[in-house]
Amino acid sequence: MGFSPGMITWALFGISGLNLGIAAVAVRRREVRGAVAFSLVMICVSLYSLGTGIRAGSTTLSLYQVGTVVKFAGILGLGPTQLRFGLIYTGRESVLTRRYWALLLAWPVATFALIVTAPVHDLLWTVQGFSSSAPLAAVDRANGPLFWLTLAYTYALILTTYSLLLVFGVRRGGRYRTQVLLMLSGGIIPVIGSFLLLYSGDLSAAFDPTAFANTATGVVFAVALFRFGFLDLAPVARHTLVDEMVDPVYVVDTDDRVVDVNVAGVELLEEGAGEPVGRPAAEVVPLYDSFDERTGDSDVTVERDGSLRFFDINRTPLTDRTGTAIGSLLIYRDVTERHITEKRFERLIERSSDVIAVIDEDGDITHVSQSVEEILGYVPTALIGANVIENVHPNDRDELSAELSAHGTEYGYTSSYRVRFRHADGEWRVLEVRARNLLADQFVEGIVLNSRDVTEKERQKRKLERQNERLDQFASIVSHDLRNPLNVATGHVDMLDTDARSEQGDSIETVQRQLERMEAIISDALTLARSGEVISEATEVRLEDIAHTAWQNVDTAEADLVVDTSLALDADRDRLLNVFENLYRNSAEHNETTGLTVRVGSLSETFGFYVEDTGEGIPEDKRDRVLEQGYTTNREGTGFGLAIVRDIVRAHGWRIAVSESDEDGARFEVECSEVPLEERPQTA
């Protein structure tokens, strides 16, 4: 028969069977990346022990040679299969293309062919004798250079694999570090056995410690498979994407214990939490108990480093090929930025000073902002479902209904109107409403109404209108009822001046002067009455043109004008002209005009202009009073000129200030608003 197995042979067969069983387990999970490569490694380890067992029990040289072929099939296949597994495990399988793999396998395949045909040549070794004496068969063999090159090639591949695994385990840590330690333990022990065989100097010796060291390989990988779930929830060679994901990922088994976690997941754990793998998920995974078992989803808030982070968590069941549950995959998707953005818009809407409402195409309210409670006194839920027309003033309903009906189906249409809306206390409030049709927008599905309470603004407007009416009445009285008798008196004084004797001339001159003063007062009073009226229409005017035109309208005697500006303003041209005329007149009346210079320029720090002179200036304690109505230091003045300037400036929505020029003269600074005219505040 040629075969006489002893205890050692049967032990080697047992070792071979153990490793082959581990390969079978891996094959059953071949859908896992790296499982097939791992099974090939274990098959090669099994062949090594099997071939050694056959040789040990051989009683003939031919059977011994069969065992040698089987053993070297394992040896030659171990290097490439281990490298393949190592590259997959570390995520580097793309390094070797099919062409490179063919080149890598060329030497082992060619060498195996030489081993099969070894009895007919001496290219690898020379067999000088065979001994079948108990307990182990052995040959007397002299190995050639080609054999040593093959052995070096195999060791180079194996050591390269172990180096890749070691570096990977050190860098990744955690679950991977445990797996790498198991693999290195299962692989290095047989390598040590082979080095002992090399050290003995006889690779064809009857006793081969490497084959028995494969027992450690089988035991270590059996523990890895059945104790640590190797190739189960934490598959060998997970794609690098998992570890480099910015979102934390956790894997738990059916006993709710953590079996794997990526780098982002470790960073999310509480400081000092320690190694999470192997521990109950409830102890280490943030808010693990908050998951909704029905949907597998949950939104949680995690506080880290004094700030809140928001996560949308998805829990996915994991099953094996038979559909049996083996655990769960938890992905914490960081939605902090999205949450902050949503909350920001929510707060902006809910705390807006305007009421934001959404109505459907029938006018029923589907949403209303919280601000409705402060502005109109309603709790938001009290208006949901009600038709917007119900609380609109009866006199405004037809117009609003017609507006909504006419454009209810026109997507994107916008319109503005004013309606009276009933406050919760029964009062009618005036709302300025801007509507936009977003019925076709899947995120809105309605007409958006942005409503602003302008009740007080309307009241102020009516108050100003009544004030302007009274001013017009006053101006009419002054213009007609006072000027008529004044003109009569002036005419009679002129006749008296012609007929009277010379000794009455001084009295008549005094009366004439006072009548002229009364005329000036009436004229300035009319101007002042109209100066404060709100500017309703404005055009673009150039300050340079206004400054020169006003100078020509005023008697400034020998004074000089310097205009150093090209500023353009939106203003009432005639009333702005009146401002400059009064400022020029003020400079000329309160200073010697000889050598007097009046300068007009633009303000350097704000948008506006100034008018200054080189005269005596205005004392600091009187600067606040010069703009008051009736204040004057000139006995012939009316005290209305600068008050008119003040009122016209304010009517434009601007501000005026009195200061001192660089040459100690008077300086008037007008700071102009850059806000569009229709948005400027109304000033009485």
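**Before you start**

This is a predicted model, in which local features need pLDDT of at least 70 and side-chain atom pairs count only at pLDDT 80 or more, while totals for chains, interfaces and linings use all residues. Residues are numbered from 1 along each chain as its sequence is written, and side-chain values use heavy atoms, with hydrogens and water left out.

**Stop 1: the whole chain**

Colour by secondary structure, and you can look for 19 helices and 19 strands. Both are DSSP runs numbered from the N terminus: helices are H or I with at least four residues, strands are E with at least two. Of the 684 residues in the chain, 43% are buried. Buried here means under 20% relative accessible area, exposed means over 50%, and partly exposed is in between, using a 1.4 Å probe and protein chains only.

Now show the surface. The chain exposes about 36,700 Å², and carbon and sulfur atoms supply 53% of that area. The areas come from the Shrake-Rupley method with a 1.4 Å probe; for residues, only the protein chains shown count as cover. Turning to contacts (heavy atoms within 4.5 Å), take those with a separation of 6 or more: residues 24 or more positions apart account for 59% of them.

**Stop 2: helix 17**

Select residues 543–553, which form helix 17, and show the side chains of its buried residues: L543, I546, A547, A550 and W551. Why are they on the same side of the helix? They cover an arc of only 130 degrees around the axis, which puts them on one and the same side of helix 17. That arc is taken from the directions from the helix axis to the C-beta atoms.

**Stop 3**

Next, select L569, L576, F580, Y584, F609, W654 and F668, the residues with the most contacts inside the largest nonpolar core, which has 39 residues. Such a core is a set of buried Ala, Val, Leu, Ile, Met, Phe, Trp, Tyr and Cys residues joined through side-chain atoms within 4.5 Å. Elements that each supply at least two residues of this core include helix 17, helix 19 (641–651), strand 18 (655–660) and strand 19 (666–671). The largest share, 6 residues, comes from helix 18.

Zoom in on L576. Leaving aside neighbours within four places in sequence, L576 is in contact with V541, L543, I546, L569, A571, F609 and W654. Apart from this core lies another, of 35 residues; select A26, V41, F147 and L165, which are among them.

**Stop 3: salt bridges**

Side chains of opposite charge can pair when their charged atoms come close. How many salt bridges does the chain have? The count comes to 15, where a salt bridge is a side-chain nitrogen of Lys or Arg within 4 Å of a carboxyl oxygen of Asp or Glu.

- Select E283 and R279: their closest N and O atoms are 3.8 Å apart. E283 is exposed, at 54% relative accessibility, while R279 is partly exposed, at 26%.
- Select R599 and E612, whose side chains meet in a salt bridge at 3.7 Å, N to O. The pair links strand 16 with strand 17, 13 residues apart. R599 is partly exposed at 24%, whereas E612 is buried at 8%.
- Select E671 and R655, joined by a salt bridge at 3.0 Å, N to O. This pair links strand 19 with strand 18, 16 residues apart. E671 is partly exposed at 31%, and R655 is exposed at 55%.

**Stop 5**

Select T593 in the loop between helix 18 and strand 16. Is T593 buried or exposed? At 14% relative accessibility, T593 is buried. Not counting residues up to four places away in sequence, T593 touches T556, A557, E558, A559 and A588.

Last, select S415 in strand 10 (residues 414–422). S415 is buried too, with a relative accessible area of 10%. Beyond residues up to four places away in sequence, S415 touches E403, V433, R434 and A435.
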